[in-house]
Amino acid sequence: MAPALSVFSFTQEFVGSTYAALAALADIPTKLYTLVLIPYYLRFRGEAPSASSSEEGSANVAKLPLIKRVFRILTDPFNLAIVGGLILATLGKPISSLGFFGKAIGSMATAQTAILFLLIGLKLNFGGERPKLCLRLLLARHGICNLIVSALMALFLDKNDSAARLASVLSSHAACSIIAFGQITKVSNAGVQGYDTDLAFDLVALSFPLTVLFNTIACLAGSAYVDGLPVIGSFLLALSALLGKTK
């Protein structure tokens, strides 16, 4: 969901529909990671719930037949939406071909941005040290991503292919995923300790305006921004460290 709101529109407008489609295709592994692997990783890294509740939950899941367990995964709303989209893309059918059902999906997609930002505005916490902590983490994230992407572009992309390079930079600026936040919430509600869901939500909320800012600058500056990515990444890391020293 995050790239759809923070990346694809910039790529479509400033690079072209072809690269917007490639950006959507490149986002599929990220979706698979957040939907399939992150739940296991979160349970591995977190503090396990009490032994009795953990064993009871594991026993209940283990008792389910394999078909039912697969069915539970596929009927998850996020998984169902992605699988349905992949099937339509494979068949070459637009959502409008689904008739009334397609129009309903289109209306929901149009409303999701407004609803999402309404929820963010109602829940976002600007008190205390949390906004500065979120800003530090996000600046460090963008700084590290900038350095990694600049190295990968130097290795694998033609320096004269400005469109591909700009599209790569825009995709690397993608905001934090609301799906990953949902996975953290699920694991936390299941009793796994060690996760702050409010902090995770604040990170998702603040990452959107920051991503929009970076992508706007990247699109307006063009090659100058892309070529200066290592310097920008180093500056963002230094700024994150500097914020950590200020009171």
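Which residues does Arg165 touch, not counting residues up to four places away in sequence?

Modeller: This is a predicted model. With residues up to four places away in sequence left out, Arg165 touches Met153, Leu157, Asp158, Lys159, Val226 and Asp227. Arg165 sits in helix H10. The relative accessibility of Arg165 is 8%. The cut-off for buried is under 20%, so Arg165 counts as buried.

Helix H10 covers residues 162-172 and packs with helix H9, residues 130-156. Their axes are 10 Å apart, at an angle of about 155°. Angles over 145 degrees count as roughly antiparallel, so H9 is roughly antiparallel to H10. The crossing of H9 and H10 is right-handed. On the H9 side, the contact is made by Cys145, Val149 and Met153. H10 supplies Arg165, Ser168, Val169 and Ser172. By class, the H9 and H10 contact holds 4 nonpolar residues, 2 polar and 1 charged.

H11 packs with helix H12, residues 197-221, at an angle of about 175°. The two axes are 10 Å apart. H11 and H12 are therefore roughly antiparallel to each other. From H11, the residues that meet H12 are Ile178, Phe181, Ile184, Thr185 and Ser188. Their partners in H12 are Thr197, Ala200, Phe201 and Val204. This contact of H11 with H12 has 6 nonpolar residues, 3 polar and no charged.

The axes of helix H4, residues 28-45, and H11, residues 178-189, come within 10 Å. They cross at roughly 30°. Angles under 35 degrees count as roughly parallel, so H4 is roughly parallel to H11. The crossing of H4 and H11 is right-handed. H4 brings Lys31, Thr34, Leu35, Ile38, Pro39, Leu42 and Arg43 to the contact. H11 brings Ile179, Ala180, Gln183, Ile184 and Val187. That contact divides into 8 nonpolar, 2 polar and 2 charged residues. Ile184 of H11 takes part here, and Ile184 also takes part in the contact with H12.

H12 holds one more residue of interest. Phe208 lies in helix H12. Phe208 has a relative accessible area of 3% and is buried. The C-alpha atom of Phe208 is separated by 6.6 Å from that of Ser6, although the two residues are 202 apart along the chain.

Finally, the whole chain. The protein chain has 14 helices and 0 strands. Its pattern along the sequence is α-α-α-α-α-α-α-α-α-α-α-α-α-α. There are 247 residues, and 33% of them count as buried. Arg165 and Phe208 both count as buried. Among contacts with a separation of 6 or more, 80% join residues 24 or more positions apart. The pair of H4 and H11 is one example of helices in contact, with residues 28-45 against residues 178-189. The accessible surface of the protein chain comes to about 14800 Å². Carbon and sulfur atoms account for 69% of that surface.

Key
Residues numbered from 1 in each chain as written. Predicted model: local features only at pLDDT ≥ 70, side-chain atom pairs only at ≥ 80, totals over all residues. Heavy atoms only, no water. Axes fitted to C-alpha atoms, helices over the stretch in contact; angles between N-to-C directions. Helix = DSSP H or I, 4+ residues; strand = E, 2+ residues; numbered from the N terminus. Parallel < 35°, antiparallel > 145°, perpendicular 65-115°, else oblique. Left-handed = near helix turned anticlockwise from the far one by under 90°. Contact = heavy atoms within 4.5 Å. Nonpolar A, V, L, I, M, F, W, Y, C, P; charged D, E, K, R; others polar. Buried < 20%, exposed > 50% of the residue type's maximum accessible area, 1.4 Å probe, protein only. Areas by Shrake-Rupley, 256 points an atom, 1.4 Å probe, with all protein chains shown as cover.
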